[in-house]
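Work through the two exercises below with the structure at hand. Each task is followed by a solution in steps.

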Amino acid sequence: MSLVRTPYDIKKIKVPRGEVHIVKERCKGCGFCIEYCPNGVLALSDEYNEKGYHPPKVVSPEKCLSCALCEVLCPDFAIWITLQGEVEAKIGG
Amino acid sequence: MNTLESMTKQDGHPIEPLLRMDRIPHIWCPGCGIGTTLNAFVAAVNKLDVDRDKLCVVSGIGCTGRVAGYIKLDSFHVLHGRAIPFATGIKLSHPELNVVVFSGDGDLVSIGGNHFLHAARRNINLTVILVNNFIYAMTGGQVAPTTPVTAYTTTSPFGNFEPPSNIPQLAEAAGAVYVARWTALHIRRLTKSIVEAFRKPGFAVVEVVSPCSMYYSRLNRMGEGIDMMKFYHKNSVIKHGEPTENLDIKFQKQIIVGKFVDRERPAILGSSGGPDAEAEP
Amino acid sequence: MSGSEACAEGALSAGCGFLAAYPLVPALEILKRFAARFHDFGAVYIQMEDEIAALAAVLGAAWTGRKAMTVTSGPGFSLMMEHVGLGVMLETPCVIVDVQRWGPSEGIPNKPGQGDMMQARWGSHGDYEIIALAPNSPQEMFDLTVKAFNLSEEYRTPVMIMTDESVAHMKEKMTIPPTADIKLKRRKYYQGPKNKYLPFNWGKDFVPEMVDVGQGYKFHVTGLTHNQKGYPVINAETQELNVHSILNKIRLHSDRIAEFDEKDTQDADVVVVSYGITSRDAAKAVEKAKAQGKRVGTFRLITVWPFPEKRIAELAKTAKAFVVPEMNYGQIFYEIERCARGKADTHFVFHERSRDNGVARILEAIDRAFKESRAS
Amino acid sequence: MAANPEDVFTGSYYIDGDVASAYGALAAGCKFLGGYPITPSTEAAEAFAKRAPEVGALFVQMEDELGSIAAVLGASWSGKKALTITSGPGFSLMMENIGFGAAMEIPFVIINVQRGGPSTGIPTRTGQADLMQARWGSHGDYEIIALAPDSPQECFDFTVKAFNLAERYRVPVMLMADECVGHMTEKVVVPPASEIEIENRKTYSGSLQRYLPYKRDKSLVPLFAKPGDGHGLYITGLTHDERGHPIGDRDLRSSTARFLVDKIRQNASQIIELEEDRLEGADVVVVSFGITSRVALKAVESARRQGIKVGTLRLKTIWPFPEDKIAELSTRVRGFVVPEINYGQIAFEVDRCSHGNANVILVPHAGSSVHLPVDILGAIKQVAKDTKPYASVVSYKTHLERQIFG
């Protein structure tokens, strides 16, 4: 049995969904976006860009909530988020 | 970033309209916090809804000095330490412009220290974004006026033995009306602070503690930029209104961040009775 | 009116909208006059924390569209040297008044000197050219200040007024012409589309068009070596283009810029070359020499930089010798020696304006010049 | 007097010119460096900072170049040999204090690793455009000594020499290196201390009360006394008499102003050092200095192979300028070729000193890189061919110039 209480207004809450855009060639592989993504959407990829860095890749696109923390933390302006609509909230989602 | 804007832009990074894209990629090293700080500044500009034609940026020399070259506003990359007096000239002769000084700790506090003091004393309406990376990075990692005691640099090969400047205290004592400090990690709060500083009539200083991943962290064996960000995450304490004398930064110790000073003082144009006095609040 | 007051009036008449300075003897009187009058002209006056800041503020103000100037003397002038280079690199119109005192270092604050003449040309690092004028009376302090602003606007360059303590403190009758008679020039403004503006679009005459900050051009300028766009570029081609352009901007127009005052040089055996306050004693000495039946001419530099090389070279062909009195131990003298190219002798006279008779020394040198040229 | 063995890091090194000059300073007995980081001179300060504790020297990084040189002046007047290291923009900032040092007759050395100018210019690339500034950059009349090394080894040697000259004449001495020499890595031999000749300033040993800080004998160099020894020093940058007291607006004859220029002008022949090669019977003389002299060698070789009689004159000392040498040469050669990484500084001096007797052709370069040997060769050929006297210095149109401006 779940210990989590289902909020009464869960029907009204909409969860935003974001899409991650990465300009791989701008990336310098600092890892800020991966480290501070609160939902673990990103991971370091194995591929190299033309400067020899490993850009991030999206591993769990469905988890992106469009918070855009990666976007503002990226020192190289290489990643940004666009909002792709909203879905209904659900417990554990 | 202004979420509204990021939601509507499909065709590129939302910061791009405010950058000189023909100059990107920039020269900053991987893991450097200046790009992040620039992000915060642009986010603040977007929030402020200010006329971008009436906004100009003045930078000095050094890594942070390069900001002027990347931001798509009227921007001046002037001499080492002289960003504030240059900006003073612009502001005084064209008071309706919003002038932002974006430069580093060495530029503004060391060689430009005198100008910093006097601009704060005059309380001229400038927004100063001071990126503090504890070192002269552009020239290869020399000791800076902000280098914590015992930290290694190329010109303090046995550890720094000079006590560093406490920038918020310096700014407050000299007469700044708004003083805040954040790290490059406190990106949302930093953005908010820049907005506040911008709206504040008078000399406003926002210090941004930022990782130098190439020299400061390497010479002191702190790992990469991301490791310094993690350090900030763990060791930053937000204490709004903390007396500025407590804000010394010690080597690898707690960093107190927050908004420390927010006060009113007569500003130069408001009180000099000059021809443009009415342009100032 | 004193030379200082005339200078301040000249600046206001020329439409100077911004003066930033740091007080320094013997340049104070210009500041006083300006500070008392700037409100009436809608100008801005500020005393900065030092001379470095003063010139920095002037450069900033110039980019907002105002005509801007600073006023100083030797030690402050030395502090400004780095910003002179920036002014040249950003091609910023501005006027620097150097009321020369005896140097080096603190020297003698209330004694005139002419020891900053070479510094005006060479004092900042790297290759550059500037314009420098040397007034010799309060009237010229007024006229040349107006001219300095015009030249600075016309060529987008720092212009220096190399006056001295004597001229600045000298009181004489002078006339301020009616405003309508004062011809003012304005920098070339860019008129094209906003996104096409190039801050350093060196054309044929190498004088690029300017815009003011805050009009939406979103330009970038830097003290680093830059291309037409104002962006820093690190290569030899850009360096060549940039340096070549800022040098030739002045060098190509040096004949138009050069102004000098000649008297009886046509058939002179000896020409006395002088500038600033020294020219007054030189004129007296020449009068006396003429009274003795000698054929002596005077040549007074009004524009010191760019140096009137051609004219001196021409004179060297007709005259036998130059006599150069200066309040220093030889500066412009070397330039005369260079331009004379061995065609005429050159004699330096150390000139000191004091109880000691400066006129007599120049006269002596004229005599010596006659004797030696006859001997050879 | 031989150097102190503790100060000399004897050995063979593979180091750049910046580091070599730091070693040279230490070998000369320099105990104080006040500096401020500026590309491309930082390596020298870093090397000094690293080795300083071993010899009891002090490195202070000041808040700016104004602070650096002021600290150096103070340190020097405390009796220590003192040095500052900088590049163009910092050099410009130092101008006021250079005049102050010259007026107070304080011995000190400035190393200027020149970069492309003006203003911020090209920090990481070379230039040779601060030479006239070295001579004329501060207000008022004074004289200085400037040396130009062309290799890391000379960076070492000339730094030692610079200190010796500074101490001997009590004058600012400038080592006008350039970025190429500063960043060029070559073998540098630091000889044993016994082989390094160093000089120290002459100090006063008479009665304390009768000391006059600016009294001088025939050498025109006053005797030194350091503070704290009971001489009751009063030193000022105001124009002063031999007591060191300001003369006010009295006649300059009572002042020491004249000696500031005379002590160098009268001793010029002892200061000037030149490197001459095949000047006898030469038609063309290439006058060069610093990195440019190495580039010029290539052109000179080619010219000689083509049968042109070329001599070379390398200026190891730039200021005081070898006026007499140039004047003498001008009477027996057809022309001078002056390649320099600027748009005409030393070329004009050569022209002045040749009094119209020989043609002078300038091979200019705005900076950022060095000359192409073919440009210098072209200039040599042109000067060898031209029979008509030039009206003034002729500027050779280089490949780069033609490429950009047609």
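The exercises concern a predicted model and treat a domain contact first, then a sheet with a helix on it.

**Exercise 1. Describe how the two domains of chain C are placed and what makes up the side of domain 1 that touches domain 2.**

Solution. 
1. Take the bounds: the domain assignment places domain 1 of chain C at 3–181 and domain 2 of chain C at 258–375.
2. Take the spacing: over C-alpha atoms, the centres of these two domains of chain C are 27 Å apart.
3. Count the contacts, with C-beta atoms within 7 Å as the cut-off: domain 1 of chain C contributes 20 residues and domain 2 of chain C contributes 18.
4. Assign the domain 1 side to elements: at least two residues each come from α6 (117–122), β6 (131–133), β7 (158–164) and α8 (165–169) of chain C. The most come from α6(C), which gives 4 residues.
5. Sort that side of domain 1 of chain C by class: 11 residues are nonpolar, 6 polar and 3 charged.

**Exercise 2. Trace the strand order of the 6-stranded open sheet in chain D and place the helix that packs on the sheet.**

Solution. 
1. Write the order: β10-β12-β11-β14-β15-β16 of chain D, with mixed pairing.
2. Find the edges: β10 (274–277) and β16 (394–395) of chain D each pair on one side only.
3. Examine one pair: β11 (residues 284–288) and β14 (residues 335–339) of chain D run parallel and are joined by 3 bridges. D:Val285 has D:Phe336 in β14(D) as its bridge partner.

How values were computed: Residues numbered from 1 in each chain as written. Chains lettered and ligands numbered in written order. Predicted model: local features only at pLDDT ≥ 70, side-chain atom pairs only at ≥ 80, totals over all residues. Domains from an automatic or database assignment. Contact = placed C-beta atoms within 7 Å. Nonpolar A, V, L, I, M, F, W, Y, C, P; charged D, E, K, R; others polar. Pairing = 2+ DSSP bridges. Axes fitted to C-alpha atoms, helices over the stretch in contact; angles between N-to-C directions.
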